[in-house]
Structures are given as C-alpha cells and as structure tokens.
Amino acid sequence: MPRSGGRSTTERCSFCDKSKLEVEKLIQGGRPGIYICNTCVEICHSIIDESNAPESAPPLFIEEIPTPRRIVGELDEYIIAQGQAKKVLSVAVHNHYKRLILEDEGTAEARVEKSNMLLVGPTGCGKTALARAMATLLDVPFAIGDATTLTEAGYVGEDVENLILKLVQNADYNIERAEQGIIFVDEIDKVGRATANVSITRDVSGEGVQQSLLKLIEGTVANVPPQGGRKHPEQQYLQVDTSNILFICGGTFTGLEDIIANRVGRKQIGFNPTWDSHTAENIEARKKIMKELQVEDLVQFGMIPELLGRLPVITTLSPLDEGDLVRVLQEPRDALVKQYTELFRLNGTKLRFTAKALRDLAGLAIHRGTGARGLRSILEEVMLDVLYELPEHKDELLEFLVNSDVVRHRTFSKGKKVFRKKNKDKKADKRESA
C-alpha cells in the first residue's frame, strides 16, 4: 500500500532518504519507519571523532629563536649603553619563546611560566626602543599602549582589551600570530596608587587599571571589540588568548630614588643629590641607587603586589650621560646624524658635525632632562633655517658645517662661513679640531 504523499513503502534512510536498494545496510531505529544507512553512520562517527579530538596548538611563527648573545648584538645596533638591561631582556625573551616551542612539541615535564618584564628608567633612556627593536629582531607583531589612557571597565576611557586590539591589527587580524606577539605598556607608573593606604573611593584610572591588567598579563581569553571603542552587547568580539603574549611594562617612576634612598640610607650614596638635577654627579648617583631597587620599593611607590608578581623580570635602565648621547647621535643604525646626512646628500651637499657641536647637542638634551628622545627636537631647532633654505640652493653648496656656534647661537643665519660653495676656494676648515 503506498504511503501518504504517494511515496513507496520501501524502507528509506531517515537522514539521506536513500532506499535500502541504494545502500549496503539499513538499520532500523527504535520507532517504526525510522532507519539510518551505513553511510550516514560512518559520517556521524567521523563528526564525533573530530569533536572529541584535542585542539592542536597553533603553529610557532618564529622560524629561529636567536641566542641571548645574538639578541644583545642586534640590540647594540639600535640602542646605546644599557648593557645590563639588554642582557636581562635577551635572556627573558629567549626563554619565553623557548617556552612556546615546548608547548608546541608537548614535551615539557613542567609548565614554564611567562617572563613578563618591567623596565624602570628615566625619560629617553631607551625603554620603548628596546622593546620595539626586540620585536623587529624576532619578526613578531608588536603594539604599544599608554597606561594613562586606560580606565577600569565601565568608566570613560579605554578598556585594557584595546591593548590586545592594537596587537591584532598589527598582525593583520591573524589571531594566532597575534597570540605570539609582544605588547609594551608605557607609563605604567602613572597608574600607581597615590598612597599606600587603601582608598574608600574607586580609583578607576590607577589601582583599578592595575587590577584589570592582572588576568590579561597572566593569561586569559580576552573578548576584543574588532573596531575598538567600548564594549556593547550587540558587538561580535574577537577572542584572543593572551597566555603566550609577552608583556613588557615600562615607566619612569619619578620619586622612586627617594624611596630606595630612605630604605638603604642616604649615607651610602655619599651626598644628598637632587634627582631632577642633571649634573654628572647626580646621574652617577642615580645609577648607583637604582641598582638597589627591590620589589618592596615599587609596592611603596603604589604598584600592587599582584601585578608585580606577574612581572617577574624587573630591570633598571640608567640615565644617559653626555658621552652616551654623543654615541646615540652617531652610532645606531638609524642615528640622527646619519638621517640628516642623507637629507643633505639628496641635495648634493655634504653635512659635517664637529665633535664640540655633538657634545653641545648632548648637553642641551641633558639640561632639558629629555634624554635621547629630546635629541630629535633639538636638532630640528638647530637645522630649521638651513633646511628651509637648502632646497633653493640645490647643487650649489658643497658642504654645510655644524659647529658649536651653530648649535648655541644658530649663527649660520647671520652670515658665518659655515657653507662651502662649489667652484670656490676649498681651504681646509680649521674652526674646531676637538
């Protein structure tokens, strides 16, 4: 008798609707008229196997992990001085990516923790440059975030998850690659507690931010808004595992010297320096006192112990003295002197700096307290007028000399002979020999 709808009474698979004549075997279900064929059974079995299979670890995107010695050698091409900080950083980063290899191979006998870092040093000593150079060397995604823009979730400002978003964007939205990147959180000292006492009010941009960073730095699956901004229920989030993201935090920690000095006793320093004074004696005193840094000093400054526990590698960077800044001007791969020399070369003009001029430039940076970061702005001031006039004299000027008078008084705009024109008498320049 035909079934309703005119279909045949021949048994059929309830999944693929094939008749028993089209399959090898048809299995009857618990209710009359319910069947499943052998083909559908095999498909269901494979689906179950796939769902029960353990998730494979994401591929390691670093082809070769350089040795600490090689890392320091590469960093020397970008960063002047800071030998101890480079050594600490290179070992921590090398071990961090070794840890990823162990997890990728699944051969680790013990779980290796992350080597997140805290860099403590004055403005312009190379904290950000070190982190950026490290990411360039390893060819991993890198993102910089400013802790002063962050607030606790639910308040006006940026969520801490926006740090992860910057990393994902720099990885071209390749989540697995972003999960092996480096995030540098600058100005971390600005979110310290104002006092060591617990406040009865909410500190949404200080201790609240430190609390929000805890799970992110330790490792969690963060829900990241793909377009940035605050979170909204209707948004679809990107899920990023931060367990293998290396966090490097940096800060100037102004006033930390006094905390250390009070603990160790100022007599050990030899005199009572004024830390914001930039004399050679005070720079040496700061280098000496910062070597005594301990975690308890940072807690007294206002950092919560839970956050410091997640930043196990702490190192200090020394302020740069005059000799260091002169080297910064000349030696790194992208040194400022090399950059300006290239600009003049494109105009057909040779650029030369005297040794005294370089020392004067370094002295100005020390006086302003800006470190290496301020050298660019000082050079822009010194070179402004000549760079304004230079394109009008293309191929006319043979050489431009930057001497001490140019740095101190901008005298080239007052008719001093710091230009050597082509087809003119080329006498040897004896203005300054030092």
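The questions and answers below walk through a predicted model of a protein.

User: How many helices and strands does the protein have?
Analyst: Helices (H or I, at least four residues) and strands (E, at least two) are DSSP runs, numbered from the N terminus. Counted that way, the protein has 16 helices and twelve strands.

User: What share of the 434 residues counts as buried?
Analyst: Buried means under 20% relative accessible area, exposed over 50%, and partly exposed in between (1.4 Å probe, protein chains only). Of the 434 residues, the buried share is 42%.

User: Which elements do the buried residues of H7 pack against?
Analyst: Helix H7 covers residues 207-218, and its buried residues include Val209, Leu213 and Ile217. With contact meaning heavy atoms within 4.5 Å, the packing partners are helix H5 (161-170), strand S6 (221-224), strand S8 (246-251) and helix H11 (305-309).

User: How far apart are the end C-alpha atoms of helix H14?
Analyst: The expected span of a helix is 1.5 Å times one less than its number of residues. H14 has 14 residues (355-368), so it should span 20 Å. The model agrees, with its end C-alpha atoms apart by 20 Å.

User: Which glycine follows H14?
Analyst: The residue after H14 has a positive phi, near 70°. It is glycine 369.

User: Which residues have the most contacts inside the largest nonpolar core?
Analyst: A nonpolar core is a set of buried Ala, Val, Leu, Ile, Met, Phe, Trp, Tyr and Cys residues joined through side-chain atoms within 4.5 Å. The largest one has 44 residues. Those with the most contacts inside it are Leu118, Ile164, Ile188, Leu213, Phe253 and Leu256.

User: How many residues are in the second, separate core?
Analyst: This core includes Val328, Ala357, Ala365 and Leu397. Of these, Ala357 and Ala365 are among the buried residues of H14. The size of the second core is 31 residues.

User: Which helices does the salt bridge between arginine 368 and glutamate 381 involve?
Analyst: A salt bridge is a side-chain nitrogen of Lys or Arg within 4 Å of a carboxyl oxygen of Asp or Glu. Arginine 368 and glutamate 381 meet at 3.1 Å, N to O. The pair links distant parts of the chain, 13 residues apart: arginine 368 is in helix H14 and glutamate 381 is in helix H15.

User: What separates arginine 376 and glutamate 380 along helix H15?
Analyst: Their side chains form a salt bridge at 3.2 Å, N to O. Because they are four residues apart in helix H15, the separation is about one helical turn.

User: Which residues are linked with Glu187 in a network of salt bridges?
Analyst: Lysine 190 meets glutamate 187 at 2.7 Å, N to O. Lysine 190 is partly exposed at 42% relative accessibility, and glutamate 187 is partly exposed at 23%. The residues linked with Glu187 are Asp189 and Lys190.

Methods. Residues numbered from 1 in each chain as written. Predicted model: local features only at pLDDT ≥ 70, side-chain atom pairs only at ≥ 80, totals over all residues. Heavy atoms only, no water.
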